[in-house]
Amino acid sequence: MGRVAILAIVAVVAIITALSSIFIVDEREKAMVLQFGQVRDIKEQPGLAVKVPFIQDVARYDDRIQSLDTDALEINPLDDRRLVVDAFARWRITDVRQFRQAVGGVDGDDALRGGATRLKRIVEAQLREVLGSVTSNTIVSADRAALMARIRDAAFAQAQTIGLEVVDVRIKAADLPQANLQATFNRMIAERGREAEDERARGREAATRVRSLAERTATEIVSEAQRDSEIIRGEADAERNKILAEAYGRDPEFFSFYRSLSAYQNALTNENSTLVITPDSEFFDYLRSDTLE
């Protein structure tokens, strides 16, 4: 074999050795260097890395946030109103060493499936525990966010033992079992009917109070008006009498004549009025003479 051939073989072996000793860590993953199944190094920063060729291997784990959907869980809250809850979680791998031990030494998609299975049991257990400690009204109210934080924190503490971080936990739906829906709807209709009747009763009571107040106010106003009118009428009568008295004092004969005319006017109101009276009555004094004495 010639020298050139030997050099070529050496160069090829050197290139293969160099290529086998260099690997690339993607920014979306973590890499673990293994030697005979034992962890020798962990590469978390993206870029080029080096390993011992032909002896060491590289296991890769996805470093991105993963999604996990739980099964539909039947929860029994404190008020025994069963709910069917669907939830989801967001998680990622934080400790590759612990995670590899937890999933049985596999990597890639198999590791993700194993981690999702382990985490799913943790999240579902926390869902049952936390949601079972409150009433169903709390679960479907604005307090749900606080419940989700409790579930996330509890699941986070357990997931750390297998090298995972629970980023978030959310409830997608919390519904009644199908068998209980109609009974619940009927109960809600009955409750709303009672509330509506209570509102109408309060409305009728308020209307009665308003009408009573209006009637009392109207009566007081009418009474005050009648009182004021009587006072004004009395004052007017007094003023009239005062004027008449002054007029009588000035000319008694004219005053008598004026009062007789008023008496004639009041007595002879109809065309066929008849008076039965003696001719010499004082009532006819001013009818018998056209002059005033």
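Strands E6 (residues 66-69) and E8 (residues 83-93) run antiparallel and are joined by four bridges; strands here are DSSP runs (E, at least two residues), helices likewise (H or I, at least four), numbered from the N terminus, and two strands pair if DSSP finds at least two bridges between them. Keep in mind that this is a predicted model, where local features need pLDDT of at least 70, side-chain atom pairs count only at pLDDT 80 or more, and totals for chains, interfaces and linings use all residues. Residues are numbered from 1 along each chain as its sequence is written, and side-chain values use heavy atoms, with hydrogens and water left out.

Back to E6: Gln66 and Leu68 sit on its covered face, while Ser67 and Asp69 are on the uncovered one. Leu68 has Ala89 as its bridge partner in E8.

Now hop over to helix H5 (residues 144-159). Leu147, Met148, Ile151, Ala155 and Ala159 of H5 are buried, meaning under 20% relative accessible area with a 1.4 Å probe, protein chains only. Looking down the axis of H5, these buried residues fall within an arc of 100 degrees, so they line one face of the helix; the arc is taken from the directions from the helix axis to the C-beta atoms.

Zooming out, the protein chain has eight helices and nine strands, and 25% of its 293 residues count as buried.

Technical notes. Buried < 20%, exposed > 50% of the residue type's maximum accessible area, 1.4 Å probe, protein only.
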